[in-house]
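Biologist: Could you walk me through this structure slowly, starting with what sits inside?
Modeller: Gladly; let us look at it together.

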Amino acid sequence: TPWSSKIINKEKLIETRTYPFPKSLFGKKILLLESREGITGKSDIPNKVEKGNSSLKIIGSIVIKESIEYISQEQWDSDYEKHLVPSNNPFGFCNDRKFFGWIINEQEKFENPIDVPEMTRVYRSLFKLS
């Protein structure tokens, strides 16, 4: 199951990244994309996405209420049931990188996924709709 499905179905309550969530977006609805499975560690999504890209769908929206920094393995492990990323995963906690948890406050699953509009990457995993 893609991570996006786990998020929208309220199984994954914390999204983990190596950067904090932009403060300007706290409390705002963010559309959640689902993409086909790609190569681990490499985004399959281009920086500029054409309208109707068949490899992407919008499956719902989420609201991030805060971003926390993980500073220890123990802290990471204690949140496992919320972020679902095991320590031995390539994206699991390690001391040579910073890790952040984006705390998801709300999830709204769309009854039917919708086609993506034209959009442009503005920061790593965040896109602006055109």
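**Inside the model**

Modeller: This is a predicted model, and in it Ile-64 touches Phe-21, Phe-26, Gly-27, Trp-102, Ile-103 and Ile-104, leaving aside residues up to four places away in sequence.

Biologist: OK, and how many residues does the largest nonpolar core have?
Modeller: The largest nonpolar core has 13 residues, and those with the most contacts inside it are Phe-21, Leu-32, Ile-62, Ile-64 and Trp-102.

Biologist: Which elements give two or more residues to this core?
Modeller: Two or more residues come from each of helix H1 (3-8), strand S2 (29-35), strand S4 (56-70) and strand S5 (99-114). There is also a second, separate core of 8 residues, which includes Leu-56, Val-116, Met-119 and Phe-127.

Biologist: Changing topic, what is the phi of Leu-84?
Modeller: Leu-84 has a positive phi of about 65 degrees, although this residue is not a glycine. Leu-84 is found in the loop between helix H3 (80-83) and S5.

Biologist: Is Leu-84 buried or exposed?
Modeller: Leu-84 counts as buried because its relative accessible area is 17%, and buried means under 20%.

Biologist: And where does Arg-124 lie?
Modeller: Arg-124 lies in the loop between strand S6 (119-123) and strand S7 (126-129), and its phi is near 40 degrees, which is a positive value in a residue other than glycine.

Biologist: Why is Arg-124 called partly exposed?
Modeller: Arg-124 has a relative accessible area of 44%, and partly exposed covers what lies between under 20% for buried and over 50% for exposed, so Arg-124 is described as partly exposed.

Conventions:
Residues are numbered from 1 along each chain as its sequence is written. This is a predicted model: local features need pLDDT of at least 70, side-chain atom pairs count only at pLDDT 80 or more; totals for chains, interfaces and linings use all residues. Side-chain values use heavy atoms; hydrogens and water are left out. A nonpolar core is a set of buried Ala, Val, Leu, Ile, Met, Phe, Trp, Tyr and Cys residues joined through side-chain atoms within 4.5 Å. Buried means under 20% relative accessible area, exposed over 50%, partly exposed in between (1.4 Å probe, protein chains only). Helices (H or I, at least four residues) and strands (E, at least two) are DSSP runs, numbered from the N terminus. Contact means heavy atoms within 4.5 Å.
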